[in-house]
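Please consult the sequence and the structure while reading.

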Amino acid sequence: MTRTDRLKILYVLLLAGLGLLARTVLVWLFPGRVWLGALLLAPPLLLPGRIQGAYFRPLFTARRSLDAGRPAEALEPLRTFIGELQAHPMRNWLLWLGYSIYTTSAEAMAWNNLGVAHTQLGEWSAAREALERALALDVAYPLPHVNLARLALVDGDREQAERHLATAKALGYSGTVLDQLLHEAQSLLARIEGRAAPRGD
């Protein structure tokens, strides 16, 4: 079983466990008024995502730009985020407050997204370099291999593309419905948390 498989199982079990715990607490504390308990418990349950959103805003902003088909707008926020993580390595642990089933490194995630942005801009050399940096940070991260496979196809190297896809599959990426749903969940979080912070007047 790959690390990605273990993280997927942990993610599903965690969601199921939180749901069961929340239901039990609500029924126990608010018999007959579960809706009131849900309103009171919602803010603490949303707090981890809000904390991550505050510190990972450049990453979410970049993901939002990538999902909207504006890769050039993603470059600066990703570079900013990488610089912040390098200056404050402990922030990497905030990755566990949200989603993380493919990598345990927020910096590797950022380099992968930078590789995607350069790929969408047709900047093959910069894309390859960014994806290789992601793998240098986390050798068990399957998504850079998927993206390197795309680059290999651009180069006309089908054999290399198949090798990267085989490696991604061996590392736990299968392109299944669960993988697609997780990607959609990440995109949704990026749309929510990637909004520009309000300006103070």
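Helices (H or I, at least four residues) and strands (E, at least two) are taken here as DSSP runs, numbered from the N terminus. The model is predicted, so local features need pLDDT of at least 70 and side-chain atom pairs count only at pLDDT 80 or more, whereas totals for chains, interfaces and linings use all residues. Residues are numbered from 1 along each chain as its sequence is written, and side-chain values use heavy atoms, with hydrogens and water left out.

## Overall composition

The protein comprises 9 helices and 0 strands. Along the sequence, its pattern reads α-α-α-α-α-α-α-α-α. Of the 201 residues in the protein, 39% are buried; buried means under 20% relative accessible area, exposed means over 50%, and partly exposed lies in between (1.4 Å probe, protein chains only). A contact is defined by heavy atoms within 4.5 Å. Among contacts between residues at least 6 apart in sequence, 64% join residues at least 24 apart.

## Helix α7

Helix α7 covers residues 143–154. The expected span of a helix is 1.5 Å times one less than its number of residues. For the 12 residues of α7 this should give 16 Å, and the end C-alpha atoms are 17 Å apart, which agrees.

Because 9 of the 12 residues of α7 are buried, this helix is largely enclosed by the rest of the structure. The buried set consists of L143, P144, H145, V146, N147, L148, A149, L151 and A152. These buried residues pack against α5 (106–120), α6 (124–137) and α8 (158–170). After α7 comes G156, which has a positive phi near 80 degrees.

R150 also belongs to α7, but it is partly exposed, with a relative accessible area of 47%. Its C-alpha atom lies 9.3 Å from that of L165, a residue 15 places away along the chain.

## Helix pairs

Axes are lines fitted to C-alpha atoms, for helices over the stretch in contact, and angles run from 0 to 180 degrees between N-to-C directions.

| Helix pair | Axis separation | Angle |
|---|---|---|
| α3 and α4 | within 8 Å | roughly 160 degrees |
| α5 and α7 | 10 Å | about 20 degrees |
| α3 and α5 | within 11 Å | roughly 30 degrees |

Angles under 35 degrees count as roughly parallel, over 145 as roughly antiparallel, 65 to 115 as roughly perpendicular and the rest as oblique. With axes crossing at roughly 30 degrees, α3 is roughly parallel to α5. The helices α5 and α7 are likewise roughly parallel to each other, whereas α3 and α4 are roughly antiparallel.

A crossing is left-handed if the near helix is turned anticlockwise from the far one by less than a right angle, and right-handed if clockwise. The crossing is left-handed where α3 passes α4, where α5 passes α7 and between α3 and α5.

Which residues make up these contacts? In the pair of α3 (residues 57–67) and α4 (residues 71–87), P58, L59, T61, A62, S65 and L66 of α3 meet P71, E73, A74, P77, L78, T80, F81 and E84 of α4. The residues of this contact divide into 9 nonpolar, 3 polar and 2 charged. For this division, Ala, Val, Leu, Ile, Met, Phe, Trp, Tyr, Cys and Pro count as nonpolar, Asp, Glu, Lys and Arg as charged, and the others, Gly among them, as polar.

On another side of the account, L59, R63 and L66 of α3 meet M109, A110, N113, V116, A117 and Q120 of α5. This contact of α3 with α5 holds 6 nonpolar, 2 polar and 1 charged. Between α5 and α7, N112, V116 and T119 of α5 meet L143, P144, N147 and L151 of α7. The residues of that contact are 4 nonpolar, 3 polar and no charged.

## Individual residues

Is S65 buried or exposed? This residue of helix α3 is buried, with a relative accessible area of 5%. Leaving aside neighbours within four places in sequence, S65 is in contact with R70, P71, E73 and A74.

E132 lies in helix α6 and counts as partly exposed at 46% relative accessibility. E132 and A108 are 24 residues apart in sequence, and their C-alpha atoms are 9.5 Å apart in space.
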